[in-house]
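Please have the model open while reading.

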Amino acid sequence: MKSFTVLTGLAAPMDRSNVDTDLIIPKQFLKSINRSGFGPNAFDELRYLDKGEPGRDNSQRPLNPEFPLNFSRYQGASILVARENFGCGSSREHAPWALEEYGFRCVIAPSFADIFYNNCFKNGMLPLVLEEPLVAQIFAELYAQEGYSLTVDLERQVVIKPNGETLAFEVDAFRKHCLLNGFDDIGLTLQDAEQIKTYEAERRLSTPWLFGFAQH
Amino acid sequence: MAGKTLYDKLWQAHLVSQRDDGSALIYIDRHIVHEVTSPQAFEGLRLAGRKPWRVDSVVATPDHNVPTTHNERASGVAGIEDPISRIQVQTLDENCDELGILEFKINDPRQGIVHVIGPESGACLPGMTIVCGDSHTSTNGALGALSFGIGTSEVEHVLATQCLVAKKMGNMLVKVDGTLGAGVTPKDVVLAIIGTIGTAGGTGYAIEFGGDVFRAMSMEGRLTVCNMAIEAGARAGMVAVDETTLDYVRGRDYAPKAEQWDMAVAQWRQLHSDADAVFDRVVELDGSAIAPQVTWGNSPEMVLPISGSVPDPAQEADVVKQTGMTRALQYMGLTPGQPITSIRVDRVFIGSCTNSRIEDMRAAAAVVQGKTKAASVKEAIVVPGSGQVKAQAEAEGLHHIFLAAGLEWREPGCSMCLAMNADRLEAGEHCASTSNRNFEGRQGYGGRTHLVSPAMAAAAAIAGHFVDVRTFN
C-alpha cells in the first residue's frame with residue numbers, strides 16, 4: 001500500500017450531501033475482476049453527458065461542462081472537499097479505487113459512512129473529518145480563490161490552509177500508523193497468528209457446531 | 001456495573017485481542033462470498049502466496065450478475081449474455097473450486113441472494129460474527145448475530161487471517177412499541193425509522209431493534225428490518241434471540257443437531273441485552289402510528305406515508321438540504337405538493353435481499369390475487385430470493401397467482417435492485433420497488449426508484465400508481 005505522510009494539492013468541490021457509492025462508481029463498472037481501471041468512470045453519471053459502459057473509450061465521451069471536476073481550474077486536484085455522509089451506500093471498495101485512480105488521496109468532509117471510511121485507509125487514502133462550519137469555510141474559500149491548495153500533514157494531524165491557518169483533525173492511532181508506513185495490515189495481523197490459534201482452539205470446544213461446515 | 005447490551009456480548013465473545021491503540025482483533029465465524037466483491041481479494045491472496053485460514057468458514061454463491069429469465073438461466077453460466085458478467089461468475093466458480101470453498105453455483109437449488117441463503121440454510125446462526133463484501137450483510141443480525149459488510153481488502157483480510165481489525169461501535173437502541181396496523185409491514189417500520197433518524201442517524205453505531213413490534217415480528221420481518229440498518233448508517237443491526245429465532249433456526253441444513261443443538265440453545269438464550277444495559281443513543285417510535293411508506297427522493301430518508309404529498313424545498317431552512325431536495329425532485333420528475341398517490345408507476349420490482357422471502361411473496365400474492373396488472377405498467381417482475389423460496393412459493397401455488405395477474409415470475413438473484421444483470425429501468429421510468437436504495441441510477445441510468453413494501457408494490461402494479469394498500473380492494 002502507498003504510504004500517506006504529507007500531501008499538498010489542489011482542492012476540488014463535491015458540493016452535495018449523502019454522496020453515495022453508486023454515484024462515485026456506478027454498478028456496471030463493478031463487473032471487472034481487476035483492482036484498477038475505475039478512475040475514468042469515477043462520478044460517471046455526473047461527469048459525462050451520456051451513459052457509461054465498461055469497455056468504452058471514455059476519452060471520446062461528451063463531458064458535462066457543468067460538473068465542477070470538469071472545470072479547468074480543478075484539473076489535477078488531489079483533495080476532494082465534500083459534504084456530510086460522504087460514501088454512503090454499498091460496501092464497494094471500487095469507490096475508493098476509482099477516487100484514488102482519479103487522483104484523490106484525501107477526501108475532507110464533515111462525516112463519512114462507516115464502510116467507505118474504512119475502505120479508504122486500505123488504499124492509502126485519508127478520509128478526513130472536520131466540523132461542518134470548517135468545511136463550509138473551506139468551500140467558500142475554494143470557490144473564491146482559483147488554485148486553492150491545502151496541505152494535509154498526517155503525522156501532525158493538521159490541515160494547513162493557503163493563509164497559513166491550521167486545522168487539527170482526529171484519526172485512529174492504528175489507522176494512522178498503517179497509513180504513515182504504508183503497511184499491509186494482513187501481514188500485521190498474521191504476527192498475532194498464535195493468539196488467533198489459541199482463541200480458535202477455545203472456540204472449537206465452546207461452539208463446536210461452527211466448525212467443519214464444508215464437510216456437510 | 002451496568003449490564004451488557006447484545007452487541008457488547010457478541011463483541012466480547014469474539015475478541016481475540018485488544019490493542020493499546022483502541023483497535024481490536026475480532027474473530028469471524030462465517031464469511032459469505034459473492035462474485036462482485038471477491039475476485040480482487042482472491043487475486044490478492046494468490047499474489048501474496050497466502051492460503052485461506054479456514055475454508056470451512058466460507059460459503060459462496062453468485063447472485064448479483066445472474067439472469068432471472070428462465071431461458072437464459074437454463075443454460076447456467078453460459079446463459080449470461082454479458083461477457084463481463086459471465087467472467088465474474090466464472091471467476092467465483094474457479095476460485096471456490098481451487099480452494100475447496102463450498103459454493104452454491106448458479107443453478108444449485110440452494111443458490112440465491114447471499115443475505116437470503118445465509119439464514120435459510122443455517123449457514124448464518126445466532127451468536128456468530130458474520131461478514132460479507134456487501135453492505136446488506138447487516139441482514140443476518142436478525143438472528144442475534146453480529147453481522148456487517150466489509151470492503152474487498154477486508155474480504156482478503158478475513159480469508160487470510162479469519163479476523164478483522166476493528167474498533168468497537170457505539171450502542172444504539174431503536175425501540176418500537178405498540179402494535180402495527182393491518183397492511184403495515186416490517187418494510188414500513190424500517191423506512192419510518194430511517195425517515196426519523198436519517199441515513200446517517202446510525203453512523204458509528206450497532207443498532208439493536210427492540211420493543212413490542214420486533215418481539216411480535218416474524219424472522220422474515222426482522223431480516224427485512226436489519227437489512228436496512230445500513231440505510232440508517234449503521235453497519236450492523238440486530239434483534240435479540242427469542243423463541244421466534246429458535247423456531248426459525250431449528251432443523252435448517254447447517255444448524256446444529258442433537259446434543260450440539262441443546263448446547264447452542266443454552267448459549268443463544270443469553271443473546272439479549274441485560275435489563276440494566278446502557279445504550280449510547282435511544283430512539284423510540286410508536287408502532288401504532290406507522291403507515292405504509294413510499295420514498296419520493298434519492299435517499300432512503302426521503303420518505304413519506306402514503307397519505308403524504310411531495311415536499312416543497314422552499315419550506316426547508318437548511319441550504320444544503322434544500323439543494324438536495326431540489327435536485328431530487330428534478331431527478332425524480334416530481335412537483336412540490338403532488339400527492340404520493342398521484343405518482344404513476346411504469347415498472348414494479350418485487351424482490352431483493354430486503355423483500356424476497358416467502359412471506360414477502362405471500363404478501364404480494366394476497367394483494368394481486370384475482371386482479372390484473374394495470375395496462376400502463378410495462379412490466380412487473382417477482383424475483384424470489386433463493387431457489388428454496390422459489391420452490392416453496394411454487395408449492396403454495398403463488399406463481400400461478402402472479403402469472404394470472406399479469407406479473408412475471410423469475411429465477412432467484414439480486415436482479416433489478418441494482419441492475420447489474422439485464423433487469424433494469426429505462427431513463428425516466430418510475431418503479432415501485434421493494435429493494436433498499438433509491439439512489440440516482442441505482443436501478444438503471446435515469447431510473448426513478450420508489451421504495452415500498454411488497455404489498456404496496458403489488459397494489460401499485462394493479463392500480464398503475466401508488467395506493468394505500470390498507471384501503472385497496
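Is Glu231(B) buried or exposed? Glu231(B) is buried, because its relative accessible area is 3%. Buried here means under 20% relative accessible area, exposed means over 50%, and partly exposed lies in between (1.4 Å probe, protein chains only).

This is a predicted model, in which local features need pLDDT of at least 70 and side-chain atom pairs count only at pLDDT 80 or more, while totals for chains, interfaces and linings use all residues. Residues are numbered from 1 along each chain as its sequence is written, chains are lettered from A in the order in which they are written, and side-chain values use heavy atoms, without hydrogens and water.

**The loop residue**

Glu231(B) sits in the loop between helix H9 (219-227) and strand S11 (236-238) of chain B. Helices (H or I, at least four residues) and strands (E, at least two) are DSSP runs, numbered from the N terminus. The side chain of Glu231(B) has a polar contact of 2.6 Å with that of Arg437(B). Another polar contact, of 3.0 Å, joins the side chains of Glu231(B) and His136(B). A polar contact is a pair of N or O atoms within 3.5 Å; within protein, one must be able to donate a hydrogen and the other to accept it, and residues adjacent in sequence count only if both atoms are side-chain atoms. Leaving aside residues up to four places away in sequence, Glu231(B) also touches others, including Ile194(B), Thr199(B) and Pro300(B). Contact means heavy atoms within 4.5 Å.

**Salt bridges**

Side chains of opposite charge can pair when their charged atoms come close. A salt bridge is a side-chain nitrogen of Lys or Arg within 4 Å of a carboxyl oxygen of Asp or Glu. The whole structure holds 51 salt bridges over all chains. Four examples follow.

| Pair | Closest N to O |
|---|---|
| Arg250(B) and Asp247(B) | 2.9 Å |
| Glu379(B) and Arg347(B) | 3.0 Å |
| Glu154(B) and Lys122(A) | 3.9 Å |

Glu379(B) and Arg347(B) are both buried. Arg410(B) is buried at 6% relative accessibility. Arg250(B) is partly exposed at 44%, and Asp247(B) is partly exposed at 47%. A network of salt bridges links Arg347(B), Lys378(B), Glu379(B), Glu408(B), Arg410(B), Asp423(B) and Glu429(B).

**The interface of chains A and B**

How many residues does each chain bring to the contact? Chain A gives 67 residues and chain B gives 83. The area buried between the two chains is about 6,200 Å², with 57% from carbon and sulfur atoms. Buried area is the accessible area (1.4 Å probe) that two parts lose on being put together, summed over both. The interface carries 10 salt bridges. It also has 35 residue pairs in polar contact, both residues being at pLDDT 80 or more. On the side of chain A that touches chain B, several helices each supply at least two residues, among them H3 (94-102) and H6 (173-181). H8(A) gives the largest share, 10 residues. That side divides into 23 nonpolar, 20 polar and 24 charged residues. Ala, Val, Leu, Ile, Met, Phe, Trp, Tyr, Cys and Pro count as nonpolar, Asp, Glu, Lys and Arg as charged, and the others, Gly among them, as polar.
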